[in-house]
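The exercises below go from single residues to the whole chain. Please work through each task with the model in view before reading its solution.

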Amino acid sequence: ILKLDKRDSLARSLARNAATKIGVRLSLEEMNLLIDQLFACQMPNIALNGKAIISTFTMAELAERFEK
């Protein structure tokens, strides 16, 4: 769990409340905007809870994962 000061904690809470809710359908334009905003962040690969949100795989790793 991340240790945050009051300002960061408030920003985190506001971000969580402003987040797109589960089940909401987004247009292609909205999805592209979200991706652009994500990669404009200082740490785009870490969620509010400190967990990784982006994973990269090689083609070999993908093939291994989907082999039966």
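**Exercise 1.** Locate I46 in the chain and decide whether I46 is buried, partly exposed or exposed.

Solution. I46 lies in the loop between α2 and α3, where helices are DSSP runs of H or I with at least four residues, strands are runs of E with at least two, and numbering starts from the N terminus. The model is a predicted one, in which local features need pLDDT of at least 70 and side-chain atom pairs count only at pLDDT 80 or more, whereas totals for chains, interfaces and linings use all residues. Residues are numbered from 1 along each chain as its sequence is written, and side-chain values use heavy atoms, with hydrogens and water left out. Because its relative accessibility is 36%, I46 counts as partly exposed, the class between buried (under 20% relative accessible area) and exposed (over 50%), computed with a 1.4 Å probe on protein chains only.

**Exercise 2.** Find which residues I46 and I53 touch beyond four places in sequence.

Solution. With contact taken as heavy atoms within 4.5 Å, I46 touches K51 and I53. I53, which is found in the loop between α2 and α3 (59–66), is in contact with L38, P44, N45, I46 and A47. I53 is partly exposed, since its relative accessible area is 46%. As for K6, which is 47 residues away from I53 along the chain, the two C-alpha atoms are separated by 24 Å.

**Exercise 3.** Describe the largest pocket by its volume and lining.

Solution. A pocket is an open set of points on a 1 Å grid over the protein atoms alone, where a 1.4 Å probe fits and protein lies on both sides within 12 Å along at least five of seven lines; lining residues have an atom within 4 Å of a point. The largest pocket has a volume of about 850 Å³, and of its 22 lining residues the closest to the centre are A15, C41, I46, A47 and L48. While α1 (6–18) and α2 (28–39) each supply at least two lining residues, the largest share, six residues, comes from α1. By class the lining holds 16 nonpolar, three polar and three charged residues.

**Exercise 4.** State how the chain is built and how its radius of gyration relates to that of a compact globule.

Solution. The chain has three helices and zero strands, in the order α-α-α from the N terminus. Its radius of gyration, taken over C-alpha atoms, is 16 Å, whereas a compact globule of 68 residues would have one near 11 Å, by the rule of 2.2 Å times the number of residues to the power 0.38. Buried residues make up 3% of the 68 residues.

How values were computed
Grid points are joined across faces, edges and corners, and a volume is the space filled by probe spheres set on the points. Ala, Val, Leu, Ile, Met, Phe, Trp, Tyr, Cys and Pro count as nonpolar, Asp, Glu, Lys and Arg as charged, and the others, Gly among them, as polar.
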